[in-house]
Amino acid sequence: MKNEASSSSSREGSVVVDWGLHRSSCGYCKSSGLTSISHGLWAHSITVNDYQDLLDRGWRRSGCFLYKPEMERTCCPSYTIRLKASDFVPSKEQLRVYRRMQRFLDGTLEVRKPSELTDNPNASKHTGSSVHHTVSSSVGNESFSCGNKGENKPEEFMHHLFDQIDKVVHTYIESGEFPSGIQLPKAAVKKVSHAKRKLSVEGSEDLLYSCNISFQIAAALRRKLSAEDMQQLRMSRQSAEENDLSPKFIAEKLACSLNQLANISGLSIRACNGHLNFYSAAKKDGDVQIVSLPEESGSGSKSSCAKKSSEHPQGQKRKLEIRLKRSSFDPEEYALYRRYQIKVHNDTPDRVTESSYRRFLVDTPLLFVSPSADGMAPPCGFGSFHQQYIIDGKLVSVGVIDILPRCLSSKYLFWDPDYAFLSLGKYSSLQEIGWVKENQAYIASLQYYYLGYYIHSCSKMRYKAAYCPSELLCPLRYQ
């Protein structure tokens, strides 16, 4: 390849070595064999124009290694996806992400960060990133309680939850509200991980557990109905959400009964789109207080164990800085990357090494093009960059990007797990799209935002289609 890029500081060209076909196991479909097939190039150096042309032919880079899937042979065909920034129309969810960040910066979003609970040396040893509940009983009733013994575990509490749900379901069967002949599985209650945990609308409650028993009940009820009943139901004007067979209706019914029958201190139960969600209740002043009953005793007297979270004072404003720097090794970035890979992707510590991080996200073959006053490059120049997101002096996220003559290409993002509630992946994408729009004033050809590959069969990739209107590269005509 010959250099066609104009640079004020260098006239170097592209030097690449053909590595031929490469077979490996697939990280998307998790196949056991070597079913992922791609063509590889090792780039010693490459101009931004040459790499832009390769992107538009279906190539991507991982460090200095360039690869292109063999679309007719690989197990998961990968299509280059891009968005014309000037045509971008944010969805309601994307606007919510932006507004949530604004509320967080303004100090009006009330949140609890796990690190603030665990890192506080004055906090009780029982205070952690989430409240661990166990079951205790007293005369005549049951309750949810704070654990005060080492042997108490969240699994015991979840077991108690699905026992309570099963009791309510069997009550409906005995009363005749549910047919007696239906076969129902036992309720399964799952703990919601911190990465997936979302705040309630009020911002004062955390989603701790969730159960999908309503969907299983709805399916069992439909199977129980006769063909004539089903035909009558289809002819009815009532939608699925308005009749007794709807998971949404069943979940609301169960939530109502659970809140009435169970003695709940510190949890609230609500139905959400057919799911039974269990939230940690919070006091209006922002402190979390969980009242428990003592272990079973003859007197049955009540006591409380109040746990207060360490939170940002509501109303305290925060400062967000977004810094764009050329790709280079930064110990603070590496520490954040290591924590992200271990906490979010469950990588073992021995796999997250400094050398692998350098090869993946620091090393780059792109030849830097300095900014120029003639409108041929943006103020930052062309090349590989790390975009840092810093809140009140703390690094919370890093976006690894390539800035090329016609696009900003998003390569990778890693973030602080304590800030998962801010949806930093989506927020950074919105910022990068905005960057492209702003810099069109400096270089008219810079119009697109490249999101990497889109794999329709991979659920983790489908979020990319939410950035509309996006385009997929045709692997035959390259248009």
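Author: A nonpolar core is a set of buried Ala, Val, Leu, Ile, Met, Phe, Trp, Tyr and Cys residues joined through side-chain atoms within 4.5 Å; buried means under 20% relative accessible area (1.4 Å probe, protein chains only). This is a predicted model, where local features need pLDDT of at least 70 and side-chain atom pairs pLDDT 80 or more, while totals for chains, interfaces and linings use all residues. Numbering starts from 1 along each chain as written, and side-chain values use heavy atoms, without hydrogens or water.

Reader: Thanks! Which residues touch the most other members of the largest nonpolar core?

Author: This core holds 36 residues. Those with the most contacts to other members are L66, F382 and I403.

Reader: Which element gives the largest share of this core?

Author: Elements giving two or more residues are β2 (36–45), α1 (48–55), β5 (79–84), β14, β15, α10 and β16 (448–454); helices (H or I, at least four residues) and strands (E, at least two) are DSSP runs numbered from the N terminus. Five residues, the largest share, come from β16.

Reader: And how many residues does the other core have?

Author: Among its members are V111, L361, Y419 and L424. This core lies apart from the largest one, and its residue count is 30.

Reader: Now the sheet: which strands stand at its edges?

Author: It is an open sheet of seven strands with mixed pairing, in the order β12-β13-β14-β15-β16-β5-β17; strands pair if DSSP finds at least two bridges between them. Two strands have a single partner each, so one side of each is left without a neighbour in the sheet. From one strand to the next, the twist averages 30°. The edge strands are β12 (320–326) and β17 (470–472).

Reader: Which residue is the bridge partner of Q387 in β14?

Author: Strands β13 (residues 383–391) and β14 (residues 394–404) run antiparallel, joined by nine bridges. Within β14, Q387 has as its partner G399.

Reader: What angle does helix α9 make with β15?

Author: Helix α8 (residues 331–343) lies across β12, β13, β14 and β15 (407–415), at about 70° to β15; axes are lines fitted to C-alpha atoms, for helices over the stretch in contact, and angles run from 0 to 180 degrees between N-to-C directions. Helix α9 (residues 354–362) also packs on the sheet, touching β13, β14 and β15. Its direction and that of β15 make about 155°.

Reader: Lastly, at what angle do helices α2 and α10 cross?

Author: On the α2 side (residues 92–106), the contact (heavy atoms within 4.5 Å) includes V97, Y98 and M101, and on the α10 side it includes Y427 and L430. The axes of α2 and α10 (residues 424–439) come within 9 Å and cross at roughly 100°.

Definitions and conventions:
Buried means under 20% relative accessible area, exposed over 50%, partly exposed in between (1.4 Å probe, protein chains only).
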